[in-house]
Number of protein chains: 2
Amino acid sequence: MKLYDMELSGNCYKIRLFCSLSGVNYESIPVDLMKGEHKQAAFLALNPRGQVPVLDDAGTVVWDSMAILVYLARKYGGERWLPTEAETMARVMQWLALSENEILYGLARARAVTKFNRPWDLAQCQDLGRSGLGVMENHLEKNRWLAADHPTIADIACYPYVALAPEGGVVLDEFPHIGQWIARIRSLPGYVGMPGL
Amino acid sequence: MKLYDMELSGNCYKIRLFCSLSGVNYESIPVDLMKGEHKQAAFLALNPRGQVPVLDDAGTVVWDSMAILVYLARKYGGERWLPTEAETMARVMQWLALSENEILYGLARARAVTKFNRPWDLAQCQDLGRSGLGVMENHLEKNRWLAADHPTIADIACYPYVALAPEGGVVLDEFPHIGQWIARIRSLPGYVGMPGL
């Protein structure tokens, strides 16, 4: 299994973290975004969006970090990482939605503005990110994990850009239960970090 | 089953369309966004994000349109609308991801700027939206539906804000295969429209 990968990408890190936590082996293929490799024909044939990560599992090519997490969880995780019962799956999806909205367009974009000089409105991104953190904080005040009584791909999808939020100028001090959840993730057997974490 | 609903919301319409196509009955509870009803305590107790739609299925409360579609598909749709086999489910998720990214932060935001005077950068939103349409157009040149050989919740999730794109100043003339896909959706048994469609 090949993962088209980029070390500093939180979206790629989600896949590396899932594989490490669940004991799935893969080969990391670095994609040089600085050289524009992700916009060249060979890569666009794998992913027409021109983004990392992309997974190639013996010829089954999946793009998008959320889709890859769902693929790996269904294929290699049994019912553990993505339960298929309607309500529990919906709970996972609620937090995947938060990861694609407030977290990605808020926290991750704020980080991309400050770290990679991207052209978005920093204050707007930070505000959107904080609104998502508020929703998580309230939930984690009463729950140890986001979607079930054990970690699921919801936790893995939300974790990177939440934990990296300070790189985008969003401090986490006012979200103590998120801080405890971050510590719980870091203590999971098989946990690996990424630069900044 | 109650749907906290708003007529002009494409995200609410996704749920109304799913229910109509699959014969699921619900009661629509209008939420008055103009009066700020979605930011009041009673509504925030249902959805801490303060957004429509919210589903209440005999006490099981689910927020977020993507999560509600997954819930309804799993609970009432068998394998038809959201197959559980790993690769097919991942294909559905790829397009749900597109619906939450290029379509929501591109096309839907562009519509919200022009129609509801929201504060985002119109040209940035339109560009992001067009990049998503390009990915869809290439796929639909060779496929009738987005994720399988039949309609799934991927089609339902992408349809509203793609079909409403002209309201945000993004014309669809250069995407003929998307136009044919829109026509296929409109001819499904049980199809219902919304204002503007």
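Which domains does the domain assignment give for chain A? There are two of them in the assignment: domain 1 covers 2-76 and domain 2 covers 86-186. Before I go on, please keep in mind that this is a predicted model.

Let me stay with the two domains of chain A. Taken over C-alpha atoms, the centres of domain 1 and domain 2 of chain A are 21 Å apart. On the contact between them, nine residues of domain 1 of chain A touch nine residues of domain 2 of chain A. Which elements give two or more residues to the domain 1 side of that contact in chain A? Those elements are helix H1 (10-22) and helix H3 (65-76) of chain A. H1(A) gives the largest share of that side, with five residues. By class, the domain 1 side in chain A has seven nonpolar residues, one polar and one charged.

Next, the sheet in chain A. It is an open sheet of four strands with mixed pairing, and the order is E2-E1-E3-E4 in chain A. At the edges are strand E2 (27-30) and E4 of chain A, and each of these pairs on one side only. On average, and with direction ignored, neighbouring strands in this sheet are turned by 20 degrees against each other. Strand E1 (residues 2-5) of chain A runs parallel to E2(A), and four bridges join the two. As one position in that pair, Tyr4(A) stands opposite Ile29(A) in E2(A). H3(A) packs on this sheet, where it touches strand E3 (54-57) and E4 of chain A. The direction of H3(A) makes about 135 degrees with that of E4(A).

Chain B has its own sheet, and I will be brief. The order in chain B is E2-E1-E3-E4, again an open sheet of four strands with mixed pairing. Strand E2 (27-30) and strand E4 (60-63) of chain B are at the edges, and because each has a single partner strand, one side of each is left without a neighbour in the sheet. In chain B, four bridges join strand E1 (residues 2-5) to E2(B), and the two run parallel. Here Leu3(B) stands opposite Ser28(B) in E2(B).

In chain A, the pair is H5(A) and helix H7 (residues 176-186), with an angle of about 75 degrees and axes 8 Å apart. That makes H5(A) roughly perpendicular to H7(A). Which residues of H5(A) and H7(A) meet? From H5(A) they are Leu133(A), Met136(A), Glu137(A), Leu140(A) and Glu141(A), and from H7(A) they are His177(A), Ile178(A) and Trp181(A). Five of the residues in this contact of H5(A) with H7(A) are nonpolar, one is polar and two are charged.

In chain B, the axes of helix H5 (residues 122-142) and helix H7 (residues 176-186) come within 8 Å and cross at roughly 75 degrees. H5(B) and H7(B) are therefore roughly perpendicular as well.

That leaves the two chains against each other. How many residues of chain A are in contact with chain B? The count is 25 residues of chain A in contact with 25 residues of chain B. Strand E4 (60-63), H3, helix H4 (86-116) and helix H5 (122-142) of chain A each supply at least two residues of the chain A side. H4(A) supplies the largest share of that side, ten residues. The chain A side divides into 14 nonpolar, five polar and six charged residues.

Note on methods: Residues are numbered from 1 along each chain as its sequence is written. Chains are lettered from A and ligands numbered from 1 in the order in which they are written. This is a predicted model: local features need pLDDT of at least 70, side-chain atom pairs count only at pLDDT 80 or more; totals for chains, interfaces and linings use all residues. Domain bounds come from an automatic or database domain assignment. Two residues are in contact if their C-beta atoms, placed from the backbone, lie within 7 Å. Ala, Val, Leu, Ile, Met, Phe, Trp, Tyr, Cys and Pro count as nonpolar, Asp, Glu, Lys and Arg as charged, and the others, Gly among them, as polar. Axes are lines fitted to C-alpha atoms, for helices over the stretch in contact, and angles run from 0 to 180 degrees between N-to-C directions. Angles under 35 degrees count as roughly parallel, over 145 as roughly antiparallel, 65 to 115 as roughly perpendicular and the rest as oblique. Two strands pair if DSSP finds at least two bridges between them.
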